[in-house]
Amino acid sequence: MKTRILGAVLGIAALSGLLVPSPAQAAADGVSSARLNGWGKHGGGSVRANVDFVNRKKVIFRNFTVRDLCPGDNAPVRARVVWIHTDGTTGHSAWRKDTNGCGDHGTNFGTIIRTDTKPIKKVYLHLQVYARSGGIRGFAFSADRYNQYT
């Protein structure tokens, strides 16, 4: 009888381990975006791309879109892609600007492909919005996207 009870307890304990949720997985492929809202007479901006890791050293950013948000303050909005290698070094793409002004859907720069010589650990998007005076009014970063191949 004791053996049966012990077996039942162990069986239930083993099965209940299957019902415990696993830890959240780090975000890998998928949509990545950042936004800085405008206020008063100052506009904002947004950036968006679909991130697709191909292997340890290659990542594709599809539909990389930068958008100037109203009001139309004639201040530039720009964004770029940033990557972090597994050794901690970083790199980034050239800045892309939305120059179409207020009220449009932004500027879609299409596909950006990064093939590196070192493994890429993670990537994110970096957005900057400028003030009419020329200085940076604000900036924003998307959430990190981790390379599932590293």
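The following legends describe close-up views of a predicted model.

Residues are numbered from 1 along each chain as its sequence is written, and side-chain values use heavy atoms, with hydrogens and water left out. Because the model is predicted, local features need pLDDT of at least 70 and side-chain atom pairs count only at pLDDT 80 or more, whereas totals for chains, interfaces and linings use all residues.

**View 1. Overall secondary structure of the protein chain.** The protein chain comprises 1 helix and 11 strands; helices (H or I, at least four residues) and strands (E, at least two) are DSSP runs, numbered from the N terminus. Along the sequence, these elements follow the pattern α-β-β-β-β-β-β-β-β-β-β-β. Of the 150 residues in the protein chain, 39% are buried. Buried means under 20% relative accessible area, exposed over 50%, and partly exposed in between (1.4 Å probe, protein chains only).

View 2. Strands β9 (120-130) and β10 (residues 136-141) run antiparallel and are joined by 5 bridges; two strands pair if DSSP finds at least two bridges between them. Leucine 127 stands opposite alanine 140 in β10. The hairpin has 5 residues between its strands, and glycine 134 in the turn has a positive phi of about 105 degrees. Serine 133 lies in the loop between β9 and β10 and is exposed, at 71% relative accessible area. The C-alpha atom of serine 133 is separated by 8.6 Å from that of alanine 75, although the two residues are 58 apart along the chain.

View 3. A pair of aromatic rings is described by the distance of the centres and the angle of the planes. Rings of Phe, Tyr and Trp (its six-membered ring) pair if their centres lie within 6.5 Å; planes under 30 degrees apart count as stacked, over 60 as edge-to-face and the rest as tilted. The structure holds 3 aromatic pairs. One of them, between tyrosine 124 and phenylalanine 141, is edge-to-face, at 5.7 Å centre to centre and 80 degrees between the planes. This pair links tyrosine 124 in strand β9 with phenylalanine 141 in strand β10, 17 residues apart. The ring centres of phenylalanine 139 and phenylalanine 141 are 5.6 Å apart and their planes are at 65 degrees, so this pair is also edge-to-face. Tyr124, Phe139 and Phe141 form one aromatic cluster.

**View 4. A nonpolar surface patch with Ile136, Phe139 and Phe141.** These three residues make a patch of about 320 Å². Patches are made of residues with over 30% relative accessible area and no salt bridge: like charges are joined within 9 Å, nonpolar side chains (Val, Leu, Ile, Met, Phe, Trp, Tyr) within 5 Å. A salt bridge is a side-chain nitrogen of Lys or Arg within 4 Å of a carboxyl oxygen of Asp or Glu. Accessible areas come from the Shrake-Rupley method with a 1.4 Å probe; for residues, only the protein chains shown count as cover. Phenylalanine 139 is exposed, with a relative accessible area of 51%, whereas phenylalanine 141 is partly exposed, at 43%.

**View 5. Asparagine 63 in strand β3.** Asparagine 63 lies in β3 (residues 58-69). Its phi is near 55 degrees, a positive value in a residue other than glycine. At 48% relative accessibility, asparagine 63 is partly exposed.
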